[in-house]
Amino acid sequence: MKNVLLIGDSIRMGYDKSIKQALEGRANVVFPEDNCQFACYVFRYFHEWFGGIDGRDFDVIHWNAGLHDVLRLFEEEPTTPLEVYEYYIERICVRMKKLCPNAKIIFATSTSVISEKMTKDFMRYNEDVERYNAAAVKIVTKHGFEVNDLYALSKTLPEEAHSDAVHYYTDMGTQAYSKQVLSYIEAALGNN
């Protein structure tokens, strides 16, 4: 059976169980129970999230990082400066290729937010999400990774798909993200 690894923040936590269920009997889908948070956190813990599978045995890795990095607390700059984010995205790419050389790797862009529903002490802006996404896409494509543009998908969804200003834990949101993520994973697995 093929092996799929899902890595990512709370957006991933909205579709991971649906992907596991959809691929049951066709692929072993593993993901950490915790929120993978910042890019530096993904870099640090990536190898610990394999669920007992040897990295060389992964067929597909679908991952994201960015929404924690763009978070602005108390009207300050993003939690992770863009150049630091780029540094960690680069290192994650190198580590993934080193530890999982046989995997097809798909990077998912961070999703849009509703800034108007946040407070100045806990804020995300789509302009920041777009800048960080663009920087990440430039790096991951250089490494030959495919890009699943969840940001573009998120911009097509109505506000009712949101469960709050950041998340999409509604039936509509879960179905939309699950369908798109599943299509990328199945294509990478060679499934129709």
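A residue is termed buried when its relative accessible area is under 20% and exposed when it is over 50%, with partly exposed in between (1.4 Å probe, protein chains only). The model is predicted, and local features need pLDDT of at least 70, side-chain atom pairs count only at pLDDT 80 or more, and totals for chains, interfaces and linings use all residues. Residues are numbered from 1 along each chain as its sequence is written, and side-chain values use heavy atoms, with hydrogens and water left out.

Rings of Phe, Tyr and Trp (its six-membered ring) were paired if their centres lie within 6.5 Å, planes under 30 degrees apart being stacked, over 60 edge-to-face and the rest tilted. By this rule, 10 aromatic pairs were counted. One of them joins Phe46 and Phe50 edge-to-face, at 5.1 Å centre to centre and 80° between the planes. Phe50 also pairs with Phe58; this pair is edge-to-face because the planes lie at 70°, with the centres 5.3 Å apart. Phe46 is buried at 1% relative accessibility, as is Phe50 at 9%, and Phe58 is buried with a relative accessible area of 1%.

Helices (H or I, at least four residues) and strands (E, at least two) are DSSP runs, numbered from the N terminus. In helix H3, the buried residues are Tyr85, Ile89, Ile92, Cys93 and Met96. These fall within an arc of 100° seen down the axis, and therefore line one face of the helix; the arc is that of the directions from the helix axis to the C-beta atoms. On the other side of H3, Glu83 and Lys98 are exposed.
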